[in-house]
Amino acid sequence: MRYVVSNKVMAESDRACIAGGVPSVELMARAAKDIFDNIDKSGKTYIICGKGNNGGDGFALACLMAEVGSDVSVYYICEDLSPDATYYKDKLISGGFDRIYPAADCDFDCDLIVDCIFGTGFSGEPKHEYADVIERINSSRAKVVAADIPSGLDGTGGRAVKAVKADKTVAVQAVKSGLLLGDGKDYCGEIVAVDIGIPITGEKYAVVDGEFVKKFFEPRKKNCNKGSFGKSLIIGGSREFPGAPKLAEAGRAALRAGAGLNTLCVPYSISGAYAESVVESTLFPMADKDGAFVFDRGSIDKAMRGVTAVAIGPGMGGDREENAKICEYIVKNFDCDCIMDADALNAFCKNIIKLKDKKARLLLTPHPKEASRLTGKSVDEILSDPAAAAKDLAISCDCTVLLKGATTVVTDGKDVALIADGTPALAKGGSGDVLTGTICGFAARGISLFDAACAGAYLCAIAAKKAEKEYGDWGVLASDVCKAAKSVVDSHIA
């Protein structure tokens, strides 16, 4: 499994490496050599340099290209260069290289642009001449390779107001989390990670792949029965949000993930609306009022018999206080895995502390707006560093958190994993229900909530990509994701 790091960890590792005796100009030379090895040097190349060490990588790269006679020119935005950037600029000049110009003189008419404007230390919005240069890079005919990170992109959370759109990003030493989070996937193009010998000394985020998920699909023992693989329960639906097919797909997804049994628990007065959709799962009507759940201990106790994993919230609607009572009763009284999604999360937007006192093992699955309601942080704060925000929430509630996004973050407060295979095809109603059901199915089998969340998010992402090939990213339905899951297990994972 590969790993990514935050800006902070990369900067600390870089400083430690230099303090350990490796000169910064040597690290810059190594970075330049790896960028050199990953670009097409056959055409006209412009290297656009900022004033910092990312610009220094550009000057060092120009030294290598000049040595082999490449058609290369260097354009700088600011004359006040960092000491290391100055070192390589002076080396270029002393070697007789004279194609160094102010960026204002650049026509951007070339075959390749190497973006060396901002490094991972940048945040915010590029201004003035920097913004102008970025706009002109993006509107040029040239292929664009970004040195370490596309300039203007935040390396931790992947936020971008104005940034270079690269065809390839050569990530130095480690992929930064911002290349995968937020806007990063729209700006970085192909990512190539190169090792320049900097030991990573801080926290690494795992990137979930098929090898990780494969272990959860070992062949079943022949001597088994449905009770061998746990029982999942999904509590959801309401007159306000009946969504019978969606809820049925959640149940089907739980079974696709390997649960032996699944039950859908819906409000009693509207249970008839679910009868035709619910085929593979059993249906359990629970106490309600006007088509919305009400707390009823007897109904809950009966529904929870033998349950190893329960998911609460899809389409739940109704009264938040009643929903909170149901959720709180389950997490405090049952030794099982509990996944809370959608309206179950909304029920605790002002009372999240209540979830600390529990018997169940808990997974929260918010999108950024739901996470904002739960934590009191703004959506912008959460998106500026999704991994840290998810980790803080997990620690405060002593639980596991799955924070949804273009790249999904999963953390138990200690370890952090990213599922970077998400696709716009999943931006469709019902996708979250399938994800919730899939995770519930994994958890019902006895897989830890952290692993179940990682495996569920990965399986849904890859299944959506498979469905996308048939329907395009506009046309994929939640049911298509559920149907594609089996073939993904057969072909991509097994």
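**Helix α2 and its partners**

I began with α2 and helix α4 (residues 83–94), which pack at an angle of about 65 degrees with their axes 10 Å apart. This is a predicted model, where local features need pLDDT of at least 70, side-chain atom pairs count only at pLDDT 80 or more, and totals for chains, interfaces and linings use all residues. Residues are numbered from 1 along each chain as its sequence is written, and side-chain values use heavy atoms, with hydrogens and water left out.

Helices (H or I, at least four residues) and strands (E, at least two) are DSSP runs, numbered from the N terminus. Axes are lines fitted to C-alpha atoms, for helices over the stretch in contact, and angles run from 0 to 180 degrees between N-to-C directions.

The crossing of α2 and α4 came out right-handed, meaning that the near helix is turned clockwise from the far one by less than a right angle. I then listed the contacts (heavy atoms within 4.5 Å). From α2, Ser24, Val25, Met28 and Ala29 meet Asp84, Tyr87 and Tyr88 of α4. I sorted these residues into five nonpolar, one polar and one charged. Here Ala, Val, Leu, Ile, Met, Phe, Trp, Tyr, Cys and Pro count as nonpolar, Asp, Glu, Lys and Arg as charged, and the others, Gly among them, as polar.

Next I took α2 (residues 24–36) against helix α3 (residues 53–67): the angle is about 60 degrees and the axes are 8 Å apart. α2 and α3 are therefore oblique to each other. For that term, angles under 35 degrees count as roughly parallel, over 145 as roughly antiparallel, 65 to 115 as roughly perpendicular and the rest as oblique. α2 passes α3 in a right-handed crossing. On the α2 side I found Met28, Ala31, Ala32, Lys33, Ile35 and Phe36, which meet Asn53, Gly56, Asp57, Ala60, Leu61, Leu64 and Met65 in α3. The tally for this contact is nine nonpolar, two polar and two charged.

**Helix α3 itself**

I checked the length of α3. Its 15 residues reach 21 Å from first C-alpha to last, close to the 21 Å expected at 1.5 Å a residue; the expected span is 1.5 Å times one less than the number of residues. Eleven of the 15 residues are buried, so α3 is mostly covered. Buried means under 20% relative accessible area, exposed over 50%, partly exposed in between (1.4 Å probe, protein chains only). Among the buried ones are Asn54, Gly58, Phe59 and Cys63. Just after α3, glycine 69 has a positive phi of about 80 degrees.

**Single residues**

Where does serine 151 lie? I found serine 151 in the loop between β6 (143–147) and β7 (168–172). Serine 151 is buried at a relative accessible area of 0%. Leaving aside neighbours within four places in sequence, its contacts include Asn54, Asp115, Phe118 and Lys162.

Alanine 174 sits in the loop between β7 and β8 (175–176). Alanine 174 is buried at 8% relative accessible area. Not counting residues up to four places away in sequence, alanine 174 touches Val5, Met10, Val194 and Ile200.

Most residues other than glycine have a negative phi. Histidine 128 has a phi near 50 degrees and is found in helix α5 (residues 128–138). Histidine 128 counts as exposed, at 68% relative accessibility. Alanine 342 also has a positive phi, about 50 degrees, but is buried at 18%.
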